[in-house]
Amino acid sequence: MAIKQELQRKEKRTCLHDKHVSLGATMVTFGGFDMPLLYQLAGIAPEHMAVREKVGLFDVSHMGEVTVKGNDAERYVQHIFTNDVANAPVGKIYYGMMCYENGGTVDDLLVYKMGENDFFLVINAANIDKDWAWMQEQAKGFDIDLQNRSDDYGQIAVQGPESEYTVEHVLGLPCAELNFYTCKTIGDVIISRTGYTGEDGFEIYASHDYIRECWDKLIKAGVQPCGLGCRDTLRFEVGLPLYGDELSEDITPIMAGLGMFVKLDKAEFVGKEALAKQKAEGPAKKLVGIELADKAIPRHGYPVLSPEGETIGEVTTGYRTISTDKSVCMALIDAQYAKLNTEVQIQIRKKVFPGKVVKKQFYNKSYKK
C-alpha cells in the first residue's frame, strides 16, 4: 500500500466511522484517523473501476476546513497561497500550495471563494495541526477572523461519470449547473465540483448528521463505497500529487512540476523569492513518471538508478495500474535524467529493472469542463 500511515497516539474517527465498520471495511490509520482502506474482499480493483465506469462514494470527512473572513481576507489568502485569488468571482475554487520561505511545501490545498472577504480553505488531514499553527502565525497583522472548522464539517465525495445524476436524483441536490472547480451553497450545505480521481465528481460539506443521511441514501441506492486504497490508485493514475509523497517540506511545487499553480507575478506570497530563484535556475530534482517493461511493482522509497547504476532519486508512488495494467511510478530524480524517454532503472528489493521516463499522467482525465 503506497499510502503513508501517520500514526498518532489517539485515533480520530469521522462521523461515518460506524457506517464503515457495519459494511465490513478494512480499517487503517491515516492522518491520525481510523479510515476505511477498502470494502471489497476481492481487493481495491472493483472500487477503482466503479469510479472509472459508474460512480463511487468516499468518506473524506478527515480533511481539514479553515475559514478566512474579514477586511483583509483576500490579502491574507494571497499572502499564504501560491495561486492568485485576486478579484476572484464568488463560487470559484483554486488549487495551490502554502510554502515556507525556502520554497518547501507546507501543504497543498483548495481555496473556495464563498463571498466578498469570505474564503473556505480545505487542507490535508495529516497536516491539520501543523497547517493551523502556521496559518495562525502568518495571520499576524491582518484584519481577519481565522477559524479552524475541521471538527464542524463532515464531507463526502461522489465520483465517476454517473456522479452528476447520482447527486441530483439520489440526494436531491441540484448540481448540474456547476462548472469544473466551482462551488455553491444550499442552506448550510456546500457543494463543489472538483474531484481527486480524474473523473467528474462532487464534494459535499455539511453537518455530521446531514452527511450521515446522505451516506445512507447513497448506499441504499447501490452506490459503491470506496476506501483510501482506490482513492490513491485513482489519483495516482492521473498524476495528482499526495502530500508526503509528491509534495513535502523538502519538495517544492517547482520540483513537483506544479509551477502553473505558482503565480510569480503576484506582489508577494510566502516563499515567492525562493520559488522564483528555483524556477529561473531550474530545480536540482524533478518529479517524473517512469514506466517499467516488466510487471514488477515499484513502491514508495525504492531507489531510481541511472543506466550506469548510480542512485539518482527514489520512487514517490508506484503501482501496477488498474485501468491500464502497466507497472509505473512517479519518482523524484536528478533533473538531468528527467527528459522524456530517458532510460533509467529501479531497484526493487535485490533486483534492478529497466524503465524509461514518461509523462506523469498514466490515464486520461475525464473531468467535465
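Analyst: Helices (H or I, at least four residues) and strands (E, at least two) are DSSP runs numbered from the N terminus, and two strands pair if DSSP finds at least two bridges between them. This is a predicted model, in which local features need pLDDT of at least 70, side-chain atom pairs count only at pLDDT 80 or more, and totals for chains, interfaces and linings use all residues. Residues are numbered from 1 along each chain as its sequence is written, and side-chain values use heavy atoms, with hydrogens and water left out.

User: How do β10 and β11 pair?

Analyst: β10 and β11 (residues 189-192) are antiparallel and share four bridges; Lys184 has Ile191 of β11 as its bridge partner.

User: And which sheet has the order with β10 in it?

Analyst: An open sheet of six strands, ordered β10-β11-β12-β9-β3-β13, with mixed pairing. β10 (183-186) and β13 (224-226) are at the edges with a single partner strand each, so one side of each lacks a neighbour in the sheet.

User: Which helix packs on that sheet?

Analyst: Helix α6 (residues 208-220) does, touching β3 (56-59), β9 (154-159), β11, β12 (201-206) and β13 (contact means heavy atoms within 4.5 Å).

User: Switching topic, what is the order in the sheet of five strands?

Analyst: That open sheet runs β5-β6-β7-β4-β8 with antiparallel pairing. Within it, five bridges join β6 (residues 105-115) to β7 (residues 118-123), and Tyr112 has Phe120 of β7 as its bridge partner.

Note on methods: Axes fitted to C-alpha atoms, helices over the stretch in contact; angles between N-to-C directions.
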